[in-house]
Amino acid sequence: MNFNARTFGLFAGLMLAYALLLASCTSDASSDRTTGDASGTQPMGERPTPTPSLLRRATMIENPADLRIGERFSIPSVSKVDDTPFSALELAKSHRAIVFAMTSAGCPLSTMYAPRLAALEAEYAAKRVAFVHVNVVGAESREEMRQFIREHRFRGAYIPDKDHVLATVLSPRTTTEVFVFDPTFTLMYRGAIDDQYGVGTALDTPRKLFLRDALDSFLAGESPKVAATWAPGCLVDSRTKVDNASTISPVAVGGTPLTYMGRISKIIDAHCVECHRPFGVAPFSLAGPQDITGRARMIEAVVREGLMPPGHGVTTPTGQSTPWVNPREMSKDEQADLIAWLNSDRPVGEIQQAPLPLDRPRGWAMGSPDLLLTAGPIELPVDGAMQYHRAVVPTNLTADRWASVIECRPMRQNGIHHALVWLLPPGARVPSIDDNPTDLELLFSYSPGQDVVRYDAGIARRIPAGSMLLVDLYARPMGRLMNESLRIGLKTTASPPTREVRTMMISADSLRILPGDARGINRASVALPNDTTLLSLTGYMRRLGAAFTLSATSRSGATEVLLQSPRYDYRWQVRHEYIEPRLLPTGSILTLEGVHDNSESNRNLADTTHRVPTGPKPAAEAIFMAIEVLRDVPAAKEPANQ
């Protein structure tokens with residue numbers, strides 16, 4: 001049986017006796033999405049930030065006088081990635097302008113901007129503008145840099161700045177910052193390439209073309225109208241060790257000095273390495289102390305501000321133990337110790353203290369799938385908005401199968417932004433391309449870092465004979481024409497388990513999101529017709545999603561919050577599985593309340609003047625909660641004696 005809010009329309013208008021409290025992303029108010037609490041009370045779930053934000057997530061215009069615009073620089077001679085010498089003075093003799101572009105082969109924003117940077121380099125070559133690419137992340141190898149050059153077809157000199165020779169002169173702040181010099185090396189512009197991408201944000205198209213405008217103005221004999229901007233990207237370490245780092249290792253609890261092997265490797269392994277490892281889904285590895293070099297400030301920023309590990313701001317109340325199998329949060333002690341170590345001389349410690357390395361697979365986490373299906377392809381243009389494709393995939397099963405493991409893998413790393421895999425039973429109607437298919441059961445919600453679901457022994461999900469999968473694919477253009485697909489693997493058996501997994505959907509099928517509204521609140525409710533055991537909770541919204549809360553109200557009127565996400569981020573699909581499945585009694589009412597931000601503070605939006613439709617397409621919105629529930633499977637009857 002599939003439950004849906006439509007089935008229980010009587011309860012759809014239920015009003016809760018409490019107000020949803022929102023926590024803003026802890027960053028500059030001028031650069032981040034912020035949602036306030038009308039009561040003025042402290043937002044729930046927000047992690048304290050003891051120091052000002054290190055990370056500004058969106059492009060903004062800055063004061064040129066503060067950033068050395070108009071000053072002459074002395075650019076030292078260095079070596080290129082092929083070990084041949086590079087002389088800026090020689091380059092200036094034959095060019096009208098020189099662009100020094102900071103890069104990183106591993107920073108996601110650098111890789112997103114790389115195709116655009118290469119296109120500008122090719123276009124302005126005829127106008128005698130030279131581009132010099134400077135890699136500012138010490139952990140990246142020369143082979144990674146060479147691959148980056150080949151992939152994006154950079155033409156200009158590529159400088160590995162491991163010793164911070166150029167960084168000492170230029171003082172770059174992020175891995176996407178560009179510097180425009182005239183032939184005397186007077187700085188004319190520094191900042192962002194354009195304003196399309198930010199940390200955790202993305203517009204469909206850029207509104208301001210800062211680098212292009214600066215070059216065109218200078219080549220026309222004019223000063224750039226905008227001479228300085230903040231360029232969102234991965235923060236740059238100014239030295240191989242953080243500035244002002246103590247030469248003494250900070251002390252952890254119990255008087256033991258903090259070292260990588262002794263304490264920090266355990267924190268990183270528990271919260272980072274599942275994704276940030278060789279051949280993992282994340283863009284770079286954090287599997288060893290050498291991988292921290294050049295990334296310390298960015299790691300500190302995303303940990304301090306709750307961006308990593310990605311968990312939508314879900315936290316465990318102080319003094320309580322987490323109810324979740326894999327909580328997506330660092331404890332306050334873990335955060336404090338990691339940040340203290342990052343701001344020290346970062347001692348490695350003794351190898352004997354290190355945890356035994358986990359044997360993480362490089363291919364399918366499940367091993368070889370018993371059933372392998374492919375959804376797609378989705379055709380991606382060179383650039384532009386998020387792309388969407390709906391695929392219907394036959395399972396070709398002639399008998400029921402029981403899935404104990406479900407895993408999704410895109411054909412290319414980071415090729416799929418996220419995907420929703422629905423189970424379409426035999427004879428079911430294929431939903432319209434304009435409808436969210438919330439009458440179906442959600443089988444899997446994929447994003448990088450959420451790619452496999454394993455059920456405990458004796459628990460499985462039935463895949464009926466003749467069923468199909470309905471797959472909604474979402475992908476962002478990656479700088480070149482390409483196709484992308486999603487592979488779906490299942491471990492299955494023919495024998496039924498003792499308990500079956502089903503999905504109960506709670507969805508708001510018609511959303512009210514008005515132009516300019518930063519707190520568009522929508523609700524949906526469902527009543528439980530019998531005792532129900534909850535296995536996991538997966539909330540889903542899209543780029544307008546700011547926060548959601550799922551609560552349960554008993555027959556006596558007592559209300560309990562089951563899951564609260566005060567800082568929703570649509571880049572991540574997070575399945576919250578109970579350590580101990582949660583039993584709710586008959587008559588309990590589950591209410592989903594979501595907040596959508598359709599205001600200018602939402603940096604994912606270029607236009608906030610229209611009412612937003614409901615639907616599956618990227619420009620539309622949705623809110624639903626997929627609740628995996630458990631029910632007993634009747635024992636097979638013994639055949640009658642003949």
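**Close-up views of a predicted model**

Figure 1. His271 itself belongs to helix α6, which spans residues 260-271, and when residues up to four places away in sequence are set aside, His271 touches Pro309, Glu329, Met330 and Glu334.

Figure 2. Met308 and Pro309 are joined by a cis peptide bond with an omega of about -10°, and Pro309 sits in the loop that runs between α7 (296-304) and α8 (332-342). Pro309 is also among the residues that His271 touches, which connects this view with that of Figure 1. The peptide bond from Gly376 to Pro377 is likewise cis, with omega near 10°, but here the proline is found in a strand, namely β12 (residues 371-380).

Figure 3. Although Asp83 is not a glycine, its phi is positive, at about 70°, and the residue is placed in the loop between β2 (78-79) and β3 (85-86). Asp83 is exposed, with a relative accessible area of 54%. Arg128, also a residue other than glycine, has a positive phi near 60° and lies in the loop between α2 (108-124) and β5 (129-135). With a relative accessible area of 44%, Arg128 is partly exposed.

**Figure 4. The disulfide of Cys107 and Cys234.** The structure holds one disulfide, formed by Cys107 and Cys234, whose sulfur atoms are 2.3 Å apart. The link is right-handed, with 90° about the S-S bond, and it connects distant parts of the chain, since Cys107 is in the loop between β4 (97-103) and α2 while Cys234 is in the loop between β11 (229-230) and α6, 127 residues apart. Both partners are buried: Cys107 has a relative accessibility of 3%, and Cys234 has one of 12%. Two further cysteines also count as buried, Cys272 at 15% relative accessibility and Cys408 with a relative accessible area of 1%.

**Figure 5. A four-stranded antiparallel sheet.** Four strands form an open sheet in the order β22-β27-β24-β25, and their pairing is antiparallel. The edges are formed by β22 (520-527) and β25 (559-565), each of which pairs on one side only, and neighbouring strands of the sheet are turned by 20° against each other on average, with direction ignored. Within the sheet, β24 (residues 545-553) and β27 (residues 589-596) pair in the antiparallel sense over eight bridges, and Thr549 stands opposite Glu593 in β27.

**Figure 6. Confidence along the chain.** The protein has a mean pLDDT of 86, and 88% of its residues reach 70 or more. Over residues 1-52, however, pLDDT stays under 50, and for this stretch the model has 140 contacts beyond four places in sequence. Residues 240-244 also have a pLDDT below 50, and that stretch has eleven contacts in the model beyond near neighbours in sequence.

Terms used. Residues are numbered from 1 along each chain as its sequence is written. This is a predicted model: local features need pLDDT of at least 70, side-chain atom pairs count only at pLDDT 80 or more; totals for chains, interfaces and linings use all residues. Side-chain values use heavy atoms; hydrogens and water are left out. pLDDT is the predictor's confidence in each residue, from 0 to 100. Contact means heavy atoms within 4.5 Å. Helices (H or I, at least four residues) and strands (E, at least two) are DSSP runs, numbered from the N terminus. Buried means under 20% relative accessible area, exposed over 50%, partly exposed in between (1.4 Å probe, protein chains only). Two strands pair if DSSP finds at least two bridges between them. Axes are lines fitted to C-alpha atoms, for helices over the stretch in contact, and angles run from 0 to 180 degrees between N-to-C directions. A disulfide is a pair of cysteine sulfur atoms within 2.5 Å.
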